[in-house]
Amino acid sequence: MRTAYSVSTVRAAEQALMARLPEGALMQRAAAGLAAACADVLRRGGRVYGSRVVLLVGSGDNGGDALYAGARLARRGAGVVSVRVSPGRAHEGGTAALLAAGGRVMDGGEAAPHRDWGGHIDLVVDGITGIGGRGGLRPEAAAVVEHYTAHGAPVVAVDLPSGVEADTGEVRGAAVRADATVTFGAYKPGLLVDPAAERAGALHLVDIGLGAELPDVPDLEALQYADVAALLPVPAAESDKYRRGVVGIVAGSARYPGAAVLAVSGALRGGAGAVRYVGPGADAVIARHPETLVHAGPPSKAGRVQAWVAGPGLGDGTDAVEAVSDVLATDVPVLVDADGLRLLDADVVRARTAPTVLTPHAGEAAALLGVAREEVEAGRLAAVRALAERFRATVLLKGSTTLVASPTPHTPVRVNPTGTPWLATAGSGDVLSGLTGSLLAAGLAPRDAASAGAYLHGLAARHASDGSPVAAQDVAEALVAAWRDVRA
């Protein structure tokens with residue numbers, strides 16, 4: 001599992017560790033890891049010896065890390081030039097080390113070093129602001145970044161891309177777009193959450209010894225294969241369809257019958273023993289999935305279930321309102337998606353004794369919070385936490401970075417690492433709802449069901465697309481392969 005910690009937590013851990021180490025030892029550990037990662041990038045493009053490296057350096061410790069790493073590269077035969085973004089200001093020890101190793105130091109307004117190199121740069125290292133930066137890059141720094149990255153050389157960011165918010169993943173102005181980010185001691189939330197995450201490129205974590213100083217509970221966590229495999233339900237010898245869990249699906253309408261089929265498709269591949277469908281799309285559902293148990297409604301009369309999914313394609317008519325209300329009145333876990341979200345009463349959700357899971361996309365989340373969609377997309381972490389608190393529900397916020405937040409205080413937000421832009425297709429959210437509801441019915445805790453559902457959903461989309469356009473039903477059918485991957 002990948003874990004991420006806030007800036008204040010990382011700073012406190014660094015201070016505790018530095019108190020036991022010789023002065024400068026922690027920076028040297030960081031620089032050694034950074035230099036090794038930069039060397040790997042240079043070798044993929046040719047070799048370290050004779051390569052041409054530009055360090056974009058700020059005045060703080062982030063610039064010091066870059067300078068000491070540049071000195072190591074210079075000693076291996078690379079041509080290294082440090083460009084000070086703030087003229088005359090840079091880490092003194094790092095600057096001295098680079099000069100002693102044969103590197104050069106210049107200010108951003110001076111003649112560009114790549115003119116001496118025939119216009120060629122092999123690597124740009126971003127060491128401008130680091131995790132202490134707030135807001136976007138200042139105009140002069142942004143101009144330097146634009147100048148040195150315009151020629152297509154790979155960019156490696158030191159700790160995180162300069163200009164992004166380490167704790168929130170927000171990008172409030174100009175920021176570096178890196179091909180790779182070398183981060184020290186622990187991942188920072190902004191490296192895992194968009195829009196900052198998509199500027200970080202490939203992530204490389206350098207162990208500098210912070211592990212023992214970090215708290216047991218992180219701010220964010222991202223499940224990996226083994227974590228999801230441990231969560232997924234596996235039938236035992238004595239299992240039957242009822243012991244494996246029955247999920248109820250309230251979805252579809254005359255206008256959107258396909259939503260019912262897609263939600264049931266996801267549920268049937270989600271691990272539950274049986275699926276009950278309630279709604280006007282019974283004929284379409286049975287035609288596609290004859291194993292489904294159908295009922296005209298209301299949901300409370302359909303038979304026993306261990307969890308309900310309500311909302312995909314319901315519309316907002318009287319029948320939809322009554323169906324959502326009926327489901328929320330039950331004493332089993334309920335997942336609400338799509339049209340169902342527009343029919344929610346926050347007081348009713350908060351008063352439920354059984355768990356509730358909400359699965360909005362950014363637009364639906366914005367409506368629930370009473371803010372603009374752009375505000376949700378810019379601050380996804382704040383939005384998912386606010387929704388979980390407001391509704392006292394587990395919230396799965398879909399999007400470029402899917403996040404899962406629990407209403408329980410001090411519980412890490414989970415970040416899904418398997419997302420793909422190919423999921424931006426009509427009906428894929430219906431499949432996810434059915435899949436997650438099935439995991440709820442199988443007995444997973446709400447946070448685990450939402451996290452595992454998002455993970456499998458992303459894997460399935462990757463299987464289905466293979467780099468080509470994909471439809472929601474393709475994703476549903478590929479869930480079998482996703483399960484196989486995780487269980488392998």
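Predicted model: local features only at pLDDT ≥ 70, side-chain atom pairs only at ≥ 80, totals over all residues.

The protein chain is built from 17 helices and 18 strands. Here are some whole-chain values:

| Property of the protein chain | Value |
|---|---|
| Box filled by the C-alpha atoms, along the principal axes | roughly 80 × 45 × 45 Å |
| Residues that count as buried | 57% of 488 residues |
| Accessible surface | about 19,700 Å² |
| Share of that surface from carbon and sulfur atoms | 50% |

How does the radius of gyration fit with a compact globule? A compact globule of 488 residues would come out near 23 Å, and the protein chain has 26 Å, which agrees. As for contacts, if you take those with a separation of 6 or more, 69% join residues 24 or more positions apart.

Now for the inside. Rolling a probe the size of a water molecule over the atoms shows where empty space is left. How many cavities of 30 Å³ or more turn up? The count comes to one, and the volume of the largest cavity is about 50 Å³.

So which residues line the largest cavity? Leu223, Thr402 and Val404 are part of the lining, along with Arg414, Val415, Asn416, Pro417, Ser451 and Tyr455. Two elements, β18 (413–415) and α16 (446–465), each bring at least two residues to that lining. By residue type, the lining of the largest cavity splits into five nonpolar, three polar and one charged.

Conventions:
Residues numbered from 1 in each chain as written. Heavy atoms only, no water. 1 Å grid on protein atoms, 1.4 Å probe; cavity = no way out; pocket = protein on both sides within 12 Å on 5 of 7 lines; lining within 4 Å. Points joined across faces, edges and corners; volume = space filled by probe spheres on them. Helix = DSSP H or I, 4+ residues; strand = E, 2+ residues; numbered from the N terminus. Nonpolar A, V, L, I, M, F, W, Y, C, P; charged D, E, K, R; others polar. Rg over C-alpha atoms; globule rule 2.2 N^0.38 Å. Buried < 20%, exposed > 50% of the residue type's maximum accessible area, 1.4 Å probe, protein only. Contact = heavy atoms within 4.5 Å. Areas by Shrake-Rupley, 256 points an atom, 1.4 Å probe, with all protein chains shown as cover.
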